[in-house]
Amino acid sequence: MMKAVRLHAFGGPEVLAYEDADRPEAKAGELLVRVTAAGINPPDWYLRDGYKTLPPEWQPPAAFPIIPGTDVSGAVEAIGDGVEGFAAGDEVYAMVRFPEGVFGESAAYAEYVTVPVAQAALKPRGIDHVQAAAAPMSLLTAWQFLIDLGHDAPNPVQPNRHKPVPLDGRTVLVNGAAGGVGHFVVQLAKWKGARVIAVASASQQAFVRDLGADEFIDYGTIAAEDVVHDLDLVVDAVGGASSARFLRTLKRGGALFPIFPLGFAGQDEAERLGVTVSATQVRSNGAQLAEAGRLLDDGTIRVAIDSIFPLAEARGAHERAASGNLKGKIVLRAR
């Protein structure tokens, strides 16, 4: 047995129950990871709510109990048949079974989790387990949008394959620059030679400038679309229907990347303005975590921690997420 956070019904943070659960076993091609920390991401609370934001035909079946969560860092406890490249005791991090396990098969809010070997990477030595657990989904999202898609899976949100655009010498605006994905987008864009304009709340200005942002816009006092023009790229880490407001900030030939594209209704305007709108669904990728992990290891990029909660206090962590104005990531400590 092990301790885990489980759902027995969809609802608010109060439905997260810390309780005993069966400990999983590594199958062929899997690692059994003894979890030290688990990161929190938006799909966790979307699942907790029953994915109400999705069309009804996409919403999950209620196969309770469900263990939410995707991002983990810990040590390999055991390996399944056919596993190569890892051994018991190795410290690893991963985004587990995403998006295929989005409805509860990822099961990361627990003391143990099984991870397909292709989705795991050795934890960067330069960071601790809390930082490593905070990174995978947000870092892979930023990486796959900006650097390398890394897969050929059909795009669920548009007919064409997403393509990152050149960044060196370009001007990039990042909306939601202080959040989980946004703070990685700022750093990766700077790493690739872009000039970065960060949009966040006034209280986050010092934080995002420390990440490398060249300019800052306080969304509470200024609408970015009213003051910036001729951009090469806008990465909207908030996304949704409001992303269309950034179209007029872009030069002809520019691009808008909404991280959360559902609800976007500005395609006709984008075509008229000569702007490409493109998005993708982040996917688990151990090789990319290994590559990006080298940047975490040597300090080229860093992961910011908003707050840390014990695994038993997952409810409080979700309440913190709902309160907004985050600086980086929320993490659950399992040990």
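Predicted model: local features only at pLDDT ≥ 70, side-chain atom pairs only at ≥ 80, totals over all residues.
Two packed helices are described by the angle between their axes and the distance between the axes. For α3 (residues 136-146) and α8, the angle is about 100° and the axes lie 11 Å apart. An angle of 65 to 115 degrees counts as roughly perpendicular, so α3 is roughly perpendicular to α8.

Asn285 sits in the loop between β13 (276-277) and α8 (286-297). Its relative accessibility is 15%. Because buried means under 20%, Asn285 counts as buried.

The side chain of Asn285 comes to 3.1 Å from the backbone nitrogen of Ala287. Leaving aside residues up to four places away in sequence, Asn285 touches Ala118, Leu140, Gln144 and Gly150.

## Salt bridges

Side chains of opposite charge can pair when their charged atoms come close. The model has 15 salt bridges. One of them joins Asp20 and Lys3, with the closest N and O atoms 3.1 Å apart. Asp20 lies in strand β2 (residues 17-21) and Lys3 in strand β1 (residues 2-6), so this pair ties together parts that are 17 residues apart in sequence. Asp20 is partly exposed at 44% relative accessible area, and Lys3 is partly exposed at 29%.

Another salt bridge links Arg245 to Glu225, where the closest N and O atoms are 2.7 Å apart. Arg245 is in the loop between β11 (231-236) and β12 (250-258), while Glu225 is in helix α6 (residues 224-227), so the pair ties together parts that are 20 residues apart in sequence. Arg245 is partly exposed at 30% relative accessibility, whereas Glu225 is buried at 10%. Asp152 and Arg161 also form a salt bridge, at 3.4 Å from N to O. Here Asp152 is exposed, at 70% relative accessibility, and Arg161 is partly exposed, at 43%.

## Glu105, in a loop

Glu105 is found in the loop between β5 (91-95) and β6 (112-116). With 47% relative accessibility, Glu105 counts as partly exposed.

Not counting residues up to four places away in sequence, Glu105 touches Arg97 and Glu100. Glu105 and Pro68 are 37 residues apart in sequence, and their C-alpha atoms are 8.0 Å apart in space.

Methods:
Residues numbered from 1 in each chain as written. Heavy atoms only, no water. Helix = DSSP H or I, 4+ residues; strand = E, 2+ residues; numbered from the N terminus. Buried < 20%, exposed > 50% of the residue type's maximum accessible area, 1.4 Å probe, protein only. Polar contact = N/O pair within 3.5 Å; in protein donor to acceptor, adjacent residues only side chain to side chain. Contact = heavy atoms within 4.5 Å. Axes fitted to C-alpha atoms, helices over the stretch in contact; angles between N-to-C directions. Parallel < 35°, antiparallel > 145°, perpendicular 65-115°, else oblique. Salt bridge = Lys/Arg side-chain N within 4 Å of Asp/Glu carboxyl O.
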